[in-house]
Amino acid sequence: MQFYPIIKAVHIIFVVSYFAGLFYIVRLFIYHTETQDKPEAEQNVLRKQFRFMEERLWNIITVPAGILVLATGITMLILNSALLTQPWMHIKLTAVILLLGYHLWSWRTLKEIQKDQYKMKSVRLRMMNEVATLLLFIIVFAVILKGLFMQYWYWILISFVAVGVLIMLIVRLVNRKK
């Protein structure tokens, strides 16, 4: 158990890096799709730069950080398998599975946008960017609140739904002209 706190610290560091990568990659997708409104010469320059930035971010930061998050998370579960009996951990792992789905969506979107085959509007991408935020909320609250998370699950669920709706409304309101 002496390695557990070190593994946990490394896990937290790479969670921060991984989410930074997820947040920024979708932001780059947004900027990339917004080049459609630019003159062709400017489009070509900007798209080339965005392709470069997206590829670097994904391959050098996001994917390696995600692998290290999974590796350290699995290691912690092996070192302390009692965590798997905790209901809050079931919630966290469910959110992590959803996050893996979001990761796959981001990877597929990256492949499409790199080939200029992606047709989603930037406002929709802005809304998709908030999915990672909501999953981060669920994961952090489950880990920090533990038993309280399960005790007050209905209020927490209502709060997360309300926050999700509020975020999506704000995104739509701020971007209503796009």
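Trainee: Why is Arg 51 called partly exposed?
Mentor: Arg 51 has 23% relative accessibility. Buried means under 20% relative accessible area, exposed means over 50%, and partly exposed lies in between, with a 1.4 Å probe and protein chains only. The value 23% falls in between, so Arg 51 counts as partly exposed. Keep in mind that this is a predicted model: local features need pLDDT of at least 70, side-chain atom pairs count only at pLDDT 80 or more, and totals for chains, interfaces and linings use all residues. Residues are numbered from 1 along each chain as its sequence is written, and side-chain values use heavy atoms, with hydrogens and water left out.

Trainee: What makes Arg 51 and Asp 116 a salt bridge?
Mentor: Their side chains meet at 2.4 Å, N to O. A salt bridge needs a side-chain nitrogen of Lys or Arg within 4 Å of a carboxyl oxygen of Asp or Glu. The value 2.4 Å is within 4 Å, so the pair qualifies.

Trainee: Which parts does that pair tie together?
Mentor: Arg 51 lies in helix α2, and Asp 116 in the loop between α3 (87-114) and α4, so parts 65 residues apart in sequence are tied together. Helices (H or I, at least four residues) and strands (E, at least two) are DSSP runs, numbered from the N terminus.

Trainee: Is Asp 116 buried, partly exposed or exposed, and how do you know?
Mentor: Its relative accessibility is 30%. That puts Asp 116 among the partly exposed residues. The backbone of Asp 116 deserves a note too: phi is positive, about 55 degrees, although the residue is not a glycine. Most residues other than glycine have a negative phi.

Trainee: How many salt bridges does a search of the whole structure find?
Mentor: The search finds 4. Another of them joins the side chains of Arg 126 and Glu 34 at 2.6 Å, N to O. This pair links distant parts of the chain: Arg 126 sits in helix α4 (residues 122-145), Glu 34 in the loop between α1 (4-33) and α2, 92 residues apart.

Trainee: Why is Arg 126 called buried?
Mentor: Its relative accessible area is 10%. The limit for buried is under 20%, so Arg 126 is buried.

Trainee: What separates Arg 108 from Glu 112?
Mentor: They are 4 residues apart in helix α3, which means about one helical turn. An α-helix has 3.6 residues a turn, so residues three or four places apart point the same way. The side chains of Arg 108 and Glu 112 meet in a salt bridge at 3.6 Å, N to O. Arg 108 is partly exposed at 44% relative accessibility, and Glu 112 is partly exposed at 24%.

Trainee: Which residues form a network?
Mentor: Arg 47, Arg 51 and Asp 116, joined by salt bridges that share partners.

Trainee: How do you know that the length of helix α2 agrees with its residue count?
Mentor: The expected span is 1.5 Å times one less than the number of residues. The 40 residues of α2 (residues 40-79) should span 58 Å, and the end C-alpha atoms are 56 Å apart, which agrees. The helix does have a kink of about 40 degrees, centred on Trp 58. That bend is the angle between axes fitted to the seven residues ending there and the seven starting there.

Trainee: How many residues has the largest nonpolar core, and what makes it a core?
Mentor: It has 24 residues. A nonpolar core is a set of buried Ala, Val, Leu, Ile, Met, Phe, Trp, Tyr and Cys residues joined through side-chain atoms within 4.5 Å. Tyr 18, Ile 25, Phe 29 and Leu 99 have the most contacts inside it. Helices α1, α2, α3 and α4 each give two or more residues to this core, and α1 gives the most, with 8. Apart from this core lies another, of 6 residues, among them Tyr 4, Met 76, Leu 77 and Leu 83.

Trainee: How many helices and strands are there in the protein?
Mentor: There are 6 helices and 0 strands. Buried residues make up 37% of the 178 residues.
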